[in-house]
Amino acid sequence: MAGRTQHLEVPVVVVGAGQAGLAVGYHLQRLGRVPRQDFLLLDAADRPGGAWPRTWDGLHLFSPPAYSSLPGWMMPPWRDPTGVHDGYPPRDHVVAYLTAYEQRYGLAPLRPHRVSEVVAADDDAGGPLLVRAPGLAVRARVVVSATGTWDRPFRPAYPGSGLYAGRQLHAADLRSPEELAGQRVVVVGGGNSAAQLLALVSRVADTTWVATRPPRFLPDDVDGRALFDAATARVRAREGGTPHDGVGGLGDVVVVPEVREARDRGVLHARPMFERLTRDGVAWADGTTERADVVLWCTGFRPALRHLAPLRLRDADGRVPVGGTSGTRAERDHRVHLVGYGDWTGPASATLIGVGRTARATVAEVVGRTWPQPA
């Protein structure tokens, strides 16, 4: 009957079955927990792969499979027939890997179930939580939130935004650079996404690149492995109270083949950030203007945590403090863990390789508290 809600109960619910959720599921199973009996993965998407199927055509990893793999099983190697991206997998290769990964370990996510809220099931502060999605309600002792950031693209507010008559897109909205063919496009942002999309879009459109500070490029022979190592070292240094300044001061943007080719074409030059949007483009403080059919915001993402709002986990600064032995347990509700949202939930935890370490620590704490061993 339409409108009926299915009620389930398991000890642990993992919200999200992208790379973070799968890594948590792997470690739960490795410690003897049974999918759909001891733990349940809920996924908002109607297919495997997390956010990866929704990224743009032409996206490639900037690390080889050995630095792009989840725990337990290395991503298969990639050989590009053209030789351009040899060893650096494209989006569809990543999706195929994540699809095979959840099947390989029998993680059996339930989908599509977009979780709308997590609430206390009763007045007991240590009692069960209720995870709700349309047509589904699951009682659990522990909830691991692994929803990532893709569903919360960040677009900064700029004067004139309401006046601008053109099209504003976030990188998360773009499916193919070909959509922008023949148009005048202002690409905003100074990171990897901005550089890669500028490189692709500039092949088919007239582009202008703007950033709040000049983009810093890694040397051509340095790839994403250096960023991962630096992120890990940065967090460890912070924990140890010692300074650490990134990838040896070398830069942030990986010079992947598209970016290198764009540099050779002379389009890899970023102007300072504009001051405001106008009706037909953008304007700088000195009065300079630029016409634009599209403003493409490559300005990052925020954690997708609206489902946790009823639990009031945020502090006065709007952050969710985390701690525990895993570094992922919500300080304001120890029944909740957060995995895969960035360095604040574990070194490089928003990456394929980085989330494995965080997932392992989280599962060790969750299992220890949920299935305590007899004395």
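The structure holds 19 salt bridges, a salt bridge being a side-chain nitrogen of Lys or Arg within 4 Å of a carboxyl oxygen of Asp or Glu. This is a predicted model, in which local features need pLDDT of at least 70 and side-chain atom pairs count only at pLDDT 80 or more, while totals for chains, interfaces and linings use all residues. Residues are numbered from 1 along each chain as its sequence is written, and side-chain values use heavy atoms, leaving out hydrogens and water.

Let's look at some of these pairs.

| D92 | R91 | 3.0 Å |

Helices (H or I, at least four residues) and strands (E, at least two) are DSSP runs, numbered from the N terminus. R91 is buried at 14% relative accessible area, whereas D57 is partly exposed at 35%. Here buried means under 20% relative accessible area, exposed over 50%, and partly exposed in between (1.4 Å probe, protein chains only). R91 also forms a salt bridge with D92.

D220 sits in the loop between strand 10 (206-211) and helix 4 (224-240) and R263 in helix 5 (residues 257-265), so their contact ties together parts 43 residues apart in sequence. D220 is partly exposed, at 36% relative accessible area, and R263 is partly exposed, at 36%.

Finally, a network of salt bridges links D43, E102 and R111.
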